[in-house]
Amino acid sequence: KKAVFAQFLIQNATGNVTPEDAVKYCKAFATVAGTSELEQLADSGSVSVDTLRKVAVGELRESWTQCVYSNAANRFYIYTAVSNSGARAAWKNAAAHAVKLVAILNSRRAEADAMEAAAVPAAEGDAPESEPAQVSKGKIVSVSDRVAAAIPVMVQTTIRFNQALAEQSSTTGVSVSDTARAERRAFSVPRGGCAFSPSPGTKELHFESFGSNLLEFVQSECSQITDGEMLASLGNPEEEIRVLSTNSKSGEVFLMSGCGRFIIKTISDPEAERLIQILPAYRQHFAANRTSMLGRYLAIYRISLESGSSRYITVMHSVFDTPLKIGRMYDLKGSTHKRFVKSDAESVRKDQDWLNDGLKLKVTPAQAQALAADHSSVTSFLASCNVMDYSILLGVAADTAGAPDGQLLSEDGSEAYFVGVIDFLVDFGFKKKAEFLLHQLQGVGQTASVMDPQSYAARQCKFFVDSILPPS
């Protein structure tokens, strides 16, 4: 019931409620609220949007009052859908009375809980309510621990909210999905948790999600990962999230789900802004080629840290999502300048190492042609986004027993290959242009990793065909 009214207020705040939509919403309101006035309005075919707004705010006020007073353990949170600052202001204004009421009720509930706790001493041997280990009270946690603790909360909240919104869109007959822009949504999850999420710990968790309206297609249609699988692997606080590394220079952290299917990585603000900007085109690319080797983002979040700063977090489908054991891994840019491992301890080898190892993908001519076309499509797309410095992540498994259907295998079936294009968020801006100019002055402009996007794409395509694929 609450979702129907909230959905209307959200859509109304962005100015997208047409007269036809108003009639559909009025019918939905009449269904869940059961008032004769609404039924008469719906039957008349002429509905005042302002009347519906008043009904929605009133219904939300009433339902939130019942929620807080009827069951202290029934947690809730306030959701804000934002496409821009104007929409945020409009939404807050539309639901102002309900939000104020919630603040008052929260205050009263906190006072009542405090009085109850003071009046009833804890029984001997009673243990305090447990909290996630990563966010223990009074402890300043690292960025990696903060991210690991927040991921289950953010994944559960966003997926379950999206499911509820889709259900209510079906109820009203009005779709709020928009593939022309990346939606921005802000969430506040109380410390006790809520219907959509477990407890975030001793403090509320405030976070934002970006582009879930676009990335859901990549998740379900391209990676063929269900919401249930995402919740089981990333939405379960009991599941391990492993910290793989931290870049000492940038401070970005790199984590992996316990099952190995998902990569969690923090990215810089400029990288996040570039990713959010290209998301509509990113979805279009996958709509045209669902098996594209382009790296697959499944979620983008931003959380607040104890230091007062914020950090963007991405969730990707791992290129190496396989039961097979990857024996050799390479990060290939198509550049040879300083592109080699410094010691045998480095597990991911580079371009010069690939050439020195004398390797090729031992695929059929038809497979080679399809791979070349796929890679060319990916690099053309990335060049149009004005990004460069991306890599071909390539893995080789020597034992193919148990390889799933559709796995890319060598012609003789002795090797399995995994290929994906990753790290494609570096914009060719002023800093990279200056770096490219310096490399040109040093005489390594054609072999260094930094080039203009068109030249970078062309060089990597040539390396892919000449050095990775078998001779035609």
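Two strands pair if DSSP finds at least two bridges between them. Helices (H or I, at least four residues) and strands (E, at least two) are DSSP runs, numbered from the N terminus. In β12, tyrosine 330 has leucine 394 as its bridge partner. This is a predicted model: local features need pLDDT of at least 70, side-chain atom pairs count only at pLDDT 80 or more, and totals for chains, interfaces and linings use all residues. Residues are numbered from 1 along each chain as its sequence is written, and side-chain values use heavy atoms, with hydrogens and water left out.

**The whole chain**
- The chain holds 14 helices and 14 strands.
- Of its 472 residues, 47% count as buried (under 20% relative accessible area; exposed is over 50%, partly exposed in between; 1.4 Å probe, protein chains only).
- Take the contacts (heavy atoms within 4.5 Å) with a separation of 6 or more: residues 24 or more positions apart account for 69% of them.

**The sheet**
- Strands of a sheet pair through backbone hydrogen bonds, either parallel or antiparallel.
- Here, 4 strands form an open sheet in the order β10-β9-β12-β13, and the pairing is mixed.
- β10 (348-349) and β13 stand at the edges with a single partner strand each, so one side of each has no neighbour in the sheet.
- Helix α14 (residues 453-468) packs on the sheet and touches β9, β12 and β13.
- The direction of α14 makes about 20 degrees with that of β12 (axes are lines fitted to C-alpha atoms, for helices over the stretch in contact; angles run from 0 to 180 degrees between N-to-C directions).
- β9 (residues 328-332) and β12 run antiparallel, joined by 5 bridges.

**The helix pair**
- The axes of α12 (residues 365-384) and α14 come within 9 Å and cross at roughly 165 degrees.
- α12 and α14 are therefore roughly antiparallel (over 145 degrees; under 35 is roughly parallel, 65 to 115 roughly perpendicular, the rest oblique).
- Residues of α12 including Leu371, His375 and Thr379 meet a group in α14, among them Ala457, Cys461 and Phe464.
- The contact has 8 nonpolar, 5 polar and no charged residues (Ala, Val, Leu, Ile, Met, Phe, Trp, Tyr, Cys and Pro count as nonpolar, Asp, Glu, Lys and Arg as charged, the others, Gly among them, as polar).

**Glycine 413**
- Glycine 413 sits in the loop between β12 (391-397) and β13 (416-422).
- Glycine 413 is partly exposed, with a relative accessible area of 26%.
- Glycine 413 and alanine 398 are 15 residues apart in sequence and 9.6 Å apart in space, C-alpha to C-alpha.
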